[in-house]
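I opened a notebook page to keep track of what I looked up. The entries go from the whole chain down to single residues.

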Amino acid sequence: MSRIIGNIKGSDIVEEDDGSVTFTAGAQLDGDGANGQFGEPPCYAPKSYAGKTLDVLANAGGPGNWFGVVTDTGEEDGHPVVQGSGDPCPGAFVSATSLHLPGKDGKLLPRSSPFKYVDSATVPFVVVPPMIIRGVAGVVMGCRAMVTNTKNGKSVEAVVADGGPSNKLGEISLACAKAIGVPAGEGTTHPANSGGVDAHIIQYRLFPGVPAVVNGVTYPLQHS
């Protein structure tokens with residue numbers, strides 16, 4: 001029997017008989033994890049940074065409360081980690097996702113590595129609230145997701161790569177938005193700070209416990 005895990009802003013989150021999780025919501029944009037890994041702009045950078053960024057720095061917090069970038073201590077009151085000369089976007093901050101990726105050798109990457117995180121600019125991913133992460137038996141972070149725009153019928157395979165606040169449902173990466181025809185801030189200075197849709201026209205289906213395979217890459221399942 002399917003069961004309702006909970007409801008966020010009028011959207012029921014349902015665990016289906018087969019263990020998948022479904023809900024319909026809008027689609028807000030998330031630029032987190034973008035560090036120029038594959039040639040696109042980073043999410044955040046200091047004001048002195050000469051290049052483009054996907055989001056405005058205010059959305060990453062500020063001194064004493066850096067909640068949107070990696071810090072040297074791993075705490076919000078630390079100093080933001082700045083990419084070095086050997087990194088994809090020297091001078092930009094390192095933006096994180098909840099899902100952590102291994103290095104090419106399969107070993108854990110340091111917190112300061114831009115490659116430890118999932119790139120919003122190039123990887124279709126979904127952000128989910130704690131209610132889902134903690135409410136099902138299967139591992140959610142890193143699992144397969146299918147995202148469908150019911151208005152135009154476009155779908156994309158995605159990965160659950162980030163955790164969001166408890167009161168927000170329906171958040172996707174810039175790459176996911178582009179794949180399903182959701183406005184992704186095209187032509188704007190900071191794409192992740194605009195675009196998206198409020199109407200509940202996006203269907204989400206998650207498959208806890210099933211590793212996502214996106215663009216030929218198999219993502220690790222990560223216990224929260």
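**Ground rules.** I am working with a predicted model, where local features need pLDDT of at least 70, side-chain atom pairs count only at pLDDT 80 or more, and totals for chains, interfaces and linings use all residues. Residues are numbered from 1 along each chain as its sequence is written, and side-chain values use heavy atoms, with hydrogens and water left out.

**Elements.** I looked up the secondary structure and found two helices and twelve strands in the protein chain. Helices (H or I, at least four residues) and strands (E, at least two) are DSSP runs, numbered from the N terminus. I wrote the order down from the N terminus as β-β-β-β-β-β-α-β-β-β-α-β-β-β.

**Overall size.** How does the radius of gyration of the protein chain compare with that of a compact globule? With 224 residues, such a globule would come near 17 Å, and the chain has 17 Å, so the two agree. The radius is taken over C-alpha atoms, and the globule rule is 2.2 Å times the number of residues to the power 0.38. I also noted that the C-alpha trace spans about 55 × 40 × 35 Å along its principal axes.

Buried means under 20% relative accessible area, exposed over 50%, and partly exposed in between (1.4 Å probe, protein chains only). I then took contacts (heavy atoms within 4.5 Å). Among contacts between residues at least 6 apart in sequence, 65% join residues at least 24 apart. The protein chain exposes about 10400 Å², and carbon and sulfur atoms supply 52% of it. These areas come from the Shrake-Rupley method with a 1.4 Å probe; for residues, only the protein chains shown count as cover.

**Aromatic pairs.** I searched the whole structure and got two aromatic pairs. One of them is phenylalanine 23 with tyrosine 204, stacked at 4.7 Å centre to centre with 15° between the planes. Rings of Phe, Tyr and Trp (its six-membered ring) pair if their centres lie within 6.5 Å; planes under 30 degrees apart count as stacked, over 60 as edge-to-face and the rest as tilted. Phenylalanine 23 sits in strand β3 (residues 21-30) and tyrosine 204 in strand β10 (residues 197-211), 181 residues apart. I checked burial for both, and both are buried.

**Serine 20.** I found serine 20 in the loop between β2 (11-15) and β3. Is serine 20 buried or exposed? Its relative accessibility is 1%, so serine 20 counts as buried. Leaving out residues up to four places away in sequence, serine 20 touches Val14, Glu15, Arg205, Leu206, Phe207 and Pro208. I also noted valine 210, which is 190 residues from serine 20 in sequence but 9.6 Å away in space, C-alpha to C-alpha.

**Aspartate 55.** This residue is in the loop between β3 and β4 (61-62). Aspartate 55 has 7% relative accessibility and therefore counts as buried. Beyond its neighbours within four places in sequence, aspartate 55 is in contact with Cys43, Tyr44, His190, Ala192 and Asn193.

**Positive phi.** I looked up lysine 9, a residue other than glycine, and found phi near 50°. Lysine 9 is in the loop between β1 (3-8) and β2, and is exposed at 68% relative accessible area. Asparagine 215, also not a glycine, has a positive phi of about 55°. Asparagine 215 is in the loop between β11 (213-214) and β12 (217-218), and is exposed at 63%.
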